[in-house]
Amino acid sequence: AKKLNVKRFSYISTAFSCGFGRKLVYEDLHPEPTFDPTLYTKTKRQTENLIIKSGVPYVIMRPSNVIGDSKTGIYYGKPYGIYQLMHFAHKVGRGSRKDNLHVIAPNIKLQVIHQDHFQDAMEKVFRHAPPGTIVHLASEYSSLITSRELIDYWVQQYLKPSSIHYYDSLADFPMEDSSLTRKEKLFVEMTGVNNEIAGYDLEFDLTQLKKMYSDHEHFPKVTYGSLQKCIDWYMQKIA
């Protein structure tokens, strides 16, 4: 990029490059966190540092978890995040009725952004963000629903168990409980990283993105109804 004398080097990072250690995450160079949930978040932060220190005119975009379209629920990405949960549930045979269901679902806001909102925000960044900008592509914090609200809808609508046991974190899950089946434990193990990330209450500074929206009405938001559409579309797809 330096040799080509580019006017702007655009890099897609992740909002979770901050790691864990603070709630409010600013649009600046991250300090080293208390710890990282994955190697992915760590290497994203390292790459941001390389770009900024290189001297190239940069724009760094940090999207949160991308989910389906806010109007139709359609999702074109790979089964990560909430889709991984539903995908693994289907894969290990949890799609059938269970008398008792054990789920990790923290009562904490889930940081997601709809696919169409992400596309719109990304276009605004390309059009309006000057070099030297770091911008979070995330939804308005006050509009987000909790992980438990999302999973509760999915469970009640599609699994319909007679009882549900919720846990706030992987550490709270009784993995040594002999009454739990291997499938129940496998399901929790396979979704452990995402459950851990969902267990941290992060709020992303949206100062740069708000500068690019002329009206508050169309700013990226997530509602209980829009998340329902995403779940319904995906469950019909894998049925």
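Is Ser-147 buried or exposed? I looked it up, bearing in mind that this is a predicted model. Ser-147 is buried, because its relative accessible area is 5%, under the 20% cut-off. I find Ser-147 in helix 4. Leaving out residues up to four places away in sequence, Ser-147 touches Ala-105, Pro-106, Ile-108, Leu-110 and Ala-198.

**Cores**

Next I asked which residues have the most contacts inside the largest nonpolar core. They are Tyr-83, Leu-150, Ile-151 and Trp-154, in a core of 31 residues. Helix 2 (82-91), strand 5 (100-104), helix 4 (147-159) and helix 8 (224-238) each put at least two residues into this core. I also noted a second, separate core of 24 residues, with Ile-113, Leu-202, Phe-204 and Phe-219 among them.

I stayed on Tyr-83 for a bit. Not counting residues up to four places off in sequence, Tyr-83 touches Val-66, Ile-67, Gly-68, Gly-73 and Tyr-75, and also Cys-230 and Tyr-234.

**Aromatics**

How many aromatic pairs are there? I get 9. For Tyr-75 and Tyr-83 the ring centres are 4.0 Å apart and the planes are at 10°, so I log this pair as stacked. The stacking call rests on the planes being under 30 degrees apart. Tyr-75 and Tyr-83 are both buried.

Tyr-153 and Tyr-224 make an edge-to-face pair, with 6.1 Å centre to centre and 80° between the planes. This pair links distant parts of the chain, since Tyr-153 is in helix 4 and Tyr-224 is in helix 8, 71 residues apart. I checked how open each partner is. Tyr-153 comes out buried, because its relative accessible area is 12%. Tyr-224 is partly exposed, because its value is 37%, between the 20% and 50% limits.

I also wrote down one aromatic cluster made up of Phe-20, Phe-35 and Tyr-200.

Then I looked for charges over rings. The charged end of Lys-109 sits over the ring of Tyr-141, 4.9 Å from its centre. The charged end of Lys-124 sits over the ring of Tyr-213, 4.6 Å from its centre.

**Largest pocket**

Which residues lie nearest the centre of the largest pocket? I have Asn-65, Val-66, Tyr-80, Gly-81 and Asn-194, out of a lining of 38 residues. The space in the largest pocket comes to about 950 Å³. Two or more lining residues come from each of helix 1 (39-54), strand 4 (65-67), helix 2, helix 4 and helix 6 (192-198). Helix 6 gives the most, with 6 residues.

**Helix 3**

I took two residues here. Gln-115 lies in helix 3, and Asp-116 has its place there too, in residues 115-128.

Gln-115 counts as buried, because its relative accessibility is 10%. Setting aside neighbours within four places in sequence, Gln-115 is in contact with Val-66, Ile-67, Gly-68 and Asp-69, and with Ile-74, Tyr-75, Tyr-76 and Gly-77. I also checked Gln-115 against Val-222: they are 107 residues apart in sequence and 11 Å apart in space, C-alpha to C-alpha.

Asp-116 is buried, because its relative accessible area is 14%. With residues up to four places away in sequence left out, Asp-116 touches Gly-68, Asp-69, Ser-70 and Lys-71. Gly-68 and Asp-69 are therefore in my notes for Gln-115 and for Asp-116, with Asp-116 again logged as buried at 14%.

**Out on the surface**

Where does Ala-171 lie? I find Ala-171 in the loop between strand 8 (163-167) and helix 5 (182-190). Ala-171 is exposed, because its relative accessible area is 74%, over the 50% limit. I set Ala-171 against Phe-126: 45 residues apart in sequence, 42 Å apart in space, C-alpha to C-alpha.

Last stop was Asn-5, in the segment before strand 1 (9-12). Asn-5 is exposed, because its relative accessible area is 64%. I flagged its backbone too: Asn-5 has a positive phi of about 55° although it is not a glycine. I made a note of that because most residues other than glycine have a negative phi.

Conventions: Residues are numbered from 1 along each chain as its sequence is written. This is a predicted model: local features need pLDDT of at least 70, side-chain atom pairs count only at pLDDT 80 or more; totals for chains, interfaces and linings use all residues. Side-chain values use heavy atoms; hydrogens and water are left out. A nonpolar core is a set of buried Ala, Val, Leu, Ile, Met, Phe, Trp, Tyr and Cys residues joined through side-chain atoms within 4.5 Å. Buried means under 20% relative accessible area, exposed over 50%, partly exposed in between (1.4 Å probe, protein chains only). Helices (H or I, at least four residues) and strands (E, at least two) are DSSP runs, numbered from the N terminus. Contact means heavy atoms within 4.5 Å. Rings of Phe, Tyr and Trp (its six-membered ring) pair if their centres lie within 6.5 Å; planes under 30 degrees apart count as stacked, over 60 as edge-to-face and the rest as tilted. A charge sits over a ring if NZ of Lys or CZ of Arg is within 6 Å of the ring centre and within 35 degrees of the ring normal. On a 1 Å grid over the protein atoms alone, a cavity is a set of points where a 1.4 Å probe fits but cannot get out, and a pocket is an open set with protein on both sides within 12 Å along at least five of seven lines; lining residues have an atom within 4 Å of a point. Grid points are joined across faces, edges and corners, and a volume is the space filled by probe spheres set on the points.
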